[in-house]
Amino acid sequence: MNLRMIGCTHQSTGLDVRQQLAFDPAQTIAALETWQSRFSKAEFVLLSTCNRVELYAAGNGHPTSPDSEQLIDTMLDFHQIPRQKVEGQLLTLADSEVVRHLYRVTASLESMVVGEPQILSQVKQAYQSAQDAGSAGPLLHGLFQSALHTAKRVSSETGLHKHRVSIPSVAIAELASGVFETFDDKHVLVLGAGEMADETLRYLSDAGKPHIHVVNRSLEHGQQLAEKWNGEYHRWDELWEQLAQADLAISTTAATEPLVTAASFAELVAPHRYQRPLFVLDLSVPRDFEPEVGKALGVYLYSLDDLDRACQRNRSARAAELPAAEIIVAQEAENFAVEVNRRATAPVISGLRAGLERPKKAELERLFNKLPDLDEQSRQEIQQFADRLMNKMLHPPLESLRDASQNGTHHGLLEAVRRLFRLED
Amino acid sequence: MLTGINMLCFSASYAIALGLEVYGLWSQARLRRMALLAWSFAGLVAHTWYLGRRVAETSSAPLATHQDWYILAAWALAIIYLAAKFYYRKSSMGLFLLPAVLGLIGASTFASTVPLATFQAPRVWGLIHGLFLMFGTVAVLLGFLAGLMYLVQSYRLKHMIGRSEGLRLPSLEWLERVNSRSLGAATFFVGGGFFTGILSRLASSGGQPGTRNGVPWTDPVVLTLGGMLAWLVAAEVFRLVYPAARQGRKIAYLTVAAFVFLLFALVAMTRDDSLHMVPATETATKTSAEVSL
């Protein structure tokens, strides 16, 4: 098969090393072109994400194909990182291990959050970059196509991707979408400018085009967040007015006491809302909204603890789907190995046929010249006899070759056939 | 072969579809969804065929009898169910809509199969009256079911029950919209049905209340239908002038209450409807005239 993979992942390597080894899109193209010019007979695909940097290489058994050590040097050279800095932290895989690893990565079984969907598009992007740079050849083409197919099977045949596990995704996809049909034109109020608010706004913006309003004590941070999401910043004293207008509120302040008590909500907000649904994500610790606010009609209040419990349930549900996903990966890896081996034996089989076809034709021609009085029917009979004889003689060795290729034990047999029949010549 | 299609055929198809909806609380397999759609569609085709055959056999069908009227209402609700199923593929709306469809078909078995009286009014008036009330019934039922779904969904959201678990319902926003529109449509159709009924009655009596064909205001059917209309108009006015009644649970409660009026009207129509029946003397006269001819 002659496949190699070297790289680092979040499981084996610290963030500092991963950051140094990472490639941005422009660097990826430049690196692939450099390596392609250095190892002209090899194929390369480079996958670089926050959690992994992996270089896939295929050599087709050519003597100039790089081995794992050369690949490590090549990658380190590009970033000019000394080898001792990453000693023992890089992963090296070969042949069937590479296939299995890539399938698991693409199907999101190796992700930090198992089942997260982004990795699939990242693998597609890596493969596309390699195609653009002209560094992906037939072997890696087949490998990546089959990895994408495997990921699709895992996604459609298991429930691995059905259960969301990040707090913002659970909050938006499973709960907020139960209240709102669409997030377009919804009045979204953000209290505070915490990281979790930023992440939740990213999910919301993916789901629709809401109007974002940020209320924050710090003008600078509030305006920054509002600008980032094309929203509007409001002074802190506009909190009640904004809450009365909001459809969805996300709270992430560092306040030590609840900002919105049941009494203040009943007095300052509820009379202006007419029981219009209000979806509140209280992502602060301690809480910004008193739990009793959630008892008001039309208010759907979720705290960080509530959401974390939902995420935990989903994580357990995903874990239950893992064995089914592993079976699919194993099946597809086996199919790929059989296909690669079949391709490896194909030139020998066609060479063998061609090698016997030539003398057969020559002998038939000589015979027909010696017997010029033969009628057409007799000629055809003799022709068919020669064909049948050749096929019957070739059948046992070809069957053995096919069987060996299925088991992956074909290398010795191929070499023997090549030498016996002088196929190199 | 298709001439053998009867009420049992499409009822059984809808019942199987309902069974598959119940099974969907535990499994969201694609095969189940496809089977569900196939059974629902098969039921609707058989239902349509049955109604079509009624039209071919009876000139005044599909509103020739009370039974026809129920079956036509069930057919309209089944179409709404299938359309909703295409819009919300993974929802469990069938758990609410299909029992209503089966309920209407079931009620039709208790309903009269005696041809409805025409009051000597033009047939078109009777048809419009029947259709208005049929659409009004479907609108009230739809509003009631959307209201129920709203209350269930609201409860689930308050108690942190995610959308991916078991019962899958549309968003509160969508249910509220359906609820509100159903209430408006129900007011229009029930009002239209009520007034076309009065007009056709007056037209056939030449405007003289004392005659047999005058409007019998104390008839149970007229009373319950009038009560339902009054409630629907009041609810609609309430909804228009009071903002809190346009959203949230209140609109759901309004449509649930309208359903109670509908139940009274339907029971009255099924049990005590002398209003739409051909009087025995009239039938006898008609029969003897037919014999002498």
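Accessible areas here come from the Shrake-Rupley method with a 1.4 Å probe, and for residues only the protein chains shown count as cover. On that basis, the surface of chain A comes to about 21,100 Å², with 51% of it belonging to carbon and sulfur atoms.

Before going further, a word on conventions. This is a predicted model, in which local features need pLDDT of at least 70 and side-chain atom pairs count only at pLDDT 80 or more, while totals for chains, interfaces and linings use all residues. Residues are numbered from 1 along each chain as its sequence is written, chains are lettered from A and ligands numbered from 1 in the order in which they are written, and side-chain values use heavy atoms, leaving out hydrogens and water.

Let's start with the fold of chain A. Its secondary structure comes to 14 helices and ten strands, taken as DSSP runs numbered from the N terminus (H or I of at least four residues for helices, E of at least two for strands). Of its 425 residues, 47% count as buried, where buried means under 20% relative accessible area, exposed over 50%, and partly exposed in between (1.4 Å probe, protein chains only). Taking a contact as heavy atoms within 4.5 Å, 71% of the chain A contacts between residues at least 6 apart in sequence join residues at least 24 apart.

Now for the aromatic rings. Rings of Phe, Tyr and Trp (its six-membered ring) pair if their centres lie within 6.5 Å; planes under 30 degrees apart count as stacked, over 60 as edge-to-face and the rest as tilted. The whole structure holds 22 such pairs over all chains. One of them is the tilted pair of A:F23 and A:F78, at 5.3 Å centre to centre and 35° between the planes. A:F23 lies in the loop between α1 (15-21) and α2 (25-38), and A:F78 in helix α3 (residues 68-79), so this pair ties together parts of chain A that are 55 residues apart in sequence. A:F23 is buried at 6% relative accessible area, whereas A:F78 is partly exposed at 27%.

Because A:F279 belongs to strand β9 (residues 278-282) and A:Y302 to strand β10 (residues 299-303), the pair ties together parts of chain A that are 23 residues apart in sequence. A:F279 is buried, with a relative accessible area of 0%, and A:Y302 is buried at 1%.

Ring pairs also link A:F23 and A:F78 with A:W35, A:F39 and A:F44 into a cluster.
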